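Here are my notes on this model. Please read them with the structure open.

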2 protein chains.
Amino acid sequence: MTRFALVVDYDGREFQGWQRQPHGPSVQSALERALAKVCNAPTATVCAGRTDSGVHGLGQVVHFDCEASREPRAIMLGVNTLLPISIGIRHCQTIESDFHARYSALARVYRYQLVNHPARPGGLRARDHAWERTPLNVQAMQTAASALVGEHDFSSFRALSCQARRPWRRMDRLHISQLENRITFDVQANAFLHHMVRNIVGSLLVIGRGEQPPEWLTEVLRAKDRTQAGATAQPQGLCFIGPRYPAHWGLPAEFDAAPELLEWRSSDPESAKPEREDEL
Amino acid sequence: MTRFALVVDYDGREFQGWQRQPHGPSVQSALERALAKVCNAPTATVCAGRTDSGVHGLGQVVHFDCEASREPRAIMLGVNTLLPISIGIRHCQTIESDFHARYSALARVYRYQLVNHPARPGGLRARDHAWERTPLNVQAMQTAASALVGEHDFSSFRALSCQARRPWRRMDRLHISQLENRITFDVQANAFLHHMVRNIVGSLLVIGRGEQPPEWLTEVLRAKDRTQAGATAQPQGLCFIGPRYPAHWGLPAEFDAAPELLEWRSSDPESAKPEREDEL
């Protein structure tokens with residue numbers, strides 16, 4: 001039995017999210033179907049961060065075990081042949097059997113992109129950008145966002161359906177940037193609650209539109225009450241840029257979806273401890 | 001009668017190219033169908049650069065004439081409502097009646113992107129990147145590409161089906177950059193022959209793979225013979241980033257698909273003359 005780790009990209013619009021679903025296709029079921037053929041046995045996968053319906057992956061990490069003797073490169077190429085073009089494996093390696101894609105991760109990175117313009121995005125950009133018509137005040141959103149950095153109870157940004165045991169998370173970074181009509185939210189935390197990124201972005205939009213002052217976000221955080229926060233932002237703007245692991249696992253530190261995130265590498269939270277199963 | 005100019009984005013994979021076709025959907029027919037409803041009359045459009053089947057547009061400029069009295073903003077929003085999400089209008093303005101989207105352009109900019117990796121691209125990246133398995137020598141390609149800058153007879157890179165009257169074009173810039181496994185070709189010329197960008201990229205790939213030295217591209221250019229050049233590169237890697245016009249037309253100088261192209265603005269070829277109809 002050998003454990004393998006994969007780096008996987010997918011177009012979230014084609015799937016009902018990462019996780020196997022009774023209705024509609026999921027990334028997990030498409031991947032496990034292809035792996036079963038290549039490994040010659042039913043194969044269960046675990047991913048670093050489960051994404052919702054419509055949310056993209058660019059650097060998702062997955063582990064699985066295989067009894068058959070297989071070269072990593074043969075798995076990568078074979079599985080890519082069986083998968084639809086909306087999913088691609090871009091890295092495969094063997095890894096120690098105590099590696100766990102979810103519980104070994106120190107942190108996760110998400111990017112949320114939107115077009116802030118009277119006209120909706122069309123063409124290529126419609127695939128991975130949300131749309132906000134009202135002109136947004138980026139400075140006010142950044143001021144508000146800074147209050148979320150650090151360790152907090154994020155109950156106010158947690159979906160009712162969230163199954164995590166504890167609502168505490170360590171937010172490492174929440175940076176908002178603007179390029180012409182496009183606004184990007186880069187978020188890193190040790191782990192995320194269900195809908196947490198989209199609920200935070202939806203609340204920042206309330207501030208960006210001028211409906212609430214920046215201090216309002218601190219009140220929302222303190223309330224620990226989902227009904228106090230803004231609406232969940234649209235899924236197609238969200239992309240899971242991947243997890244970060246301690247260097248000793250030997251996984252590639254890839255952020256090629258977001259090259260400006262490379263600078264983060266130097267501030268890798270190596271001192272942080274991975275979440276344990278009972279804490280998530 | 002008022003002339004309008006539009007800036008249009010589209011996902012080339014959904015269309016048989018810009019131009020109206022008897023078989024399959026085209027960007028032009030979808031756009032003209034929507035404009036006919038908004039303008040209440042059959043409406044013919046002219047674009048800055050006709051793109052082939054599968055080639056994307058991010059900043060295509062289009063002009064058309066409308067008898068009915070319409071606000072530019074109402075046209076933009078109305079047409080976007082009627083168009084599929086694979087096309088979007090992001091700018092609309094009135095413009096003098098002697099403006100011509102094609103003949104007023106000083107230059108056109110294309111971007112070609114590919115993933116250079118043993119594994120095919122999947123997910124979001126599969127939409128707008130070609131794939132090259134063999135490791136490419138970017139330095140050799142850049143050396144070869146420099147020989148194409150300037151005014152040349154580009155017959156060797158011209159499709160047999162090309163209807164241009166003359167094979168001479170002024171290549172302003174051909175820059176190749178690499179970020180991890182992704183290679184980008186940025187090309188600006190006064191105008192392009194049919195398949196010219198893809199035939200040049202296909203020939204540069206021959207050099208990048210080490211099958212020919214950089215000097216070979218100069219020989220190919222001099223031969224003025226399409227059979228001497230490399231194969232036409234895959235369409236999905238190509239994106240028309242848009243035309244450039246003299247500033248007096250008052251069109252937005254948008255390159256937001258490719259922010260690093262902003263630096264080119266300072267070297268705008270204002271002194272260059274637009275191509276006249278009889279020269280193209």
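1. Terms first. A residue is buried at under 20% relative accessible area, exposed at over 50%, and partly exposed in between, using a 1.4 Å probe and protein chains only.

2. Basis. This is a predicted model, in which local features need pLDDT of at least 70 and side-chain atom pairs count only at pLDDT 80 or more, while totals for chains, interfaces and linings use all residues. Residues are numbered from 1 along each chain as its sequence is written, chains are lettered from A and ligands numbered from 1 in the order in which they are written, and side-chain values use heavy atoms, with hydrogens and water left out.

3. Aromatic pairs. Rings of Phe, Tyr and Trp (its six-membered ring) pair if their centres lie within 6.5 Å; planes under 30 degrees apart count as stacked, over 60 as edge-to-face and the rest as tilted. Over all chains, the structure holds 16 such pairs. B:Phe4 and B:Phe64 are stacked, at 5.4 Å centre to centre and 15 degrees between the planes. This pair links distant parts of the chain: B:Phe4 sits in β1 (residues 2–10) and B:Phe64 in β3 (residues 56–66), 60 residues apart. B:Phe4 is buried, with a relative accessible area of 1%. B:Phe64 is buried too, at 0%. B:Phe154 and B:Phe157 make a tilted pair, with 6.4 Å between centres and 55 degrees between planes. In chain A, A:Phe99, A:Tyr245 and A:Trp249 form one aromatic cluster.

4. Strands of chain A. Strands (E, at least two residues) and helices (H or I, at least four) are DSSP runs, numbered from the N terminus. Two strands pair if DSSP finds at least two bridges between them. β7(A) (residues 150–153) and β8(A) (residues 168–179) run antiparallel, joined by 4 bridges. A:Asp153 has A:Trp168 in β8(A) as its bridge partner. β8(A) also pairs with β9(A) (residues 182–189), antiparallel over 8 bridges. There, A:Gln178 is bridged to A:Ile183 of β9(A). The hairpin of β8(A) and β9(A) has 2 residues between the strands, and A:Glu180 takes a positive phi near 50 degrees.
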